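Below is a short report on one protein chain.

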Amino acid sequence: MEILQIICCLNVEESYIRITNHFKNQPYICFEEFITDIDELKNKSLYKKWDYSVVDKKLSWREEAEKIFNKNNIKIIYFDDDYQKVIESIKDKIPKELEDNIDKISGSSRGFQKPREIRYIEKAVERKVYTGIENKLIIVSSLTRCAGATTITLCLAKYCSDLNILSSVVEPPISTPTIFNCIGIGERLENVEDEQDNFYSYPHEISYGNRIKNKAEYVFDNIVWVVPDDRKKAIENWGYNQMLQLIH
């Protein structure tokens, strides 16, 4: 079975996550890990072979990347902030005879009871990629302050992220919420121009009684962060019904 090998050279890791997550249940496509600079690309191109590359038109080292891909006959798919267009371009590269199988796999993946493991063999090196896992709600709490509940939560989320499993971290606005500042979301928003002041604080919207937006979650490092915005006023009233809304 032919597997398409694709490398993404993008400005922001969140763009890489958004594109690759669209194909996470499709075993006919294998994405290279997020590339951070031209030196990393040069090193990997010495011993790896890709069929296609996704290149951000705003990439500062785009011309150097293009030279490497053209030299190695790797076709380029350009990304210009249009996610739908680049996703459709990748879909067009999948052999037509495999499309029906992909649809079947995508449809059946929702009912997984156990993690499904797909193995790719590349130059005698085996890579394990987990593409499905049953839904689990894990509650981490502590009886006293500074007992380590936040640390354990972040470690579990990072472990799932390293296995390529998209997980969510949900922090209720009780006591003193810490995750927003602990992982530096505020600093990230200031450093990424397109995301500045666009953080959607689900706990605050629920406490205000507002209608909740769909797909407004903040995602980075393959983790969905549903946590209170520490820049806003602390939430005083929070109960059982609000907690159910936040989890769902």
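## Around V54

Beyond its neighbours within four places in sequence, V54 is in contact with I6, I7, C8, C9, L10, I77, F79, V86 and I90. Contact means heavy atoms within 4.5 Å.

This is a predicted model: local features need pLDDT of at least 70, side-chain atom pairs count only at pLDDT 80 or more, and totals for chains, interfaces and linings use all residues. Residues are numbered from 1 along each chain as its sequence is written, and side-chain values use heavy atoms, with hydrogens and water left out.

## The core

V54 belongs to the largest nonpolar core, which has 19 residues. L10, F31, V54 and I90 have the most contacts inside this core. Such a core is a set of buried Ala, Val, Leu, Ile, Met, Phe, Trp, Tyr and Cys residues joined through side-chain atoms within 4.5 Å. Buried means under 20% relative accessible area, exposed over 50%, partly exposed in between (1.4 Å probe, protein chains only).

At least two core residues come from each of β1 (4-9), α1 (13-21), β2 (29-31), β3 (52-56), β4 (75-79) and α4 (83-92). Helices (H or I, at least four residues) and strands (E, at least two) are DSSP runs, numbered from the N terminus.

## Helix α10

I247 lies in helix α10 (residues 240-247). I247 counts as partly exposed because its relative accessibility is 38%.

## The whole chain

The protein chain has ten helices and nine strands. Of its 248 residues, 38% are buried. Among contacts with a separation of 6 or more, 64% join residues 24 or more positions apart.
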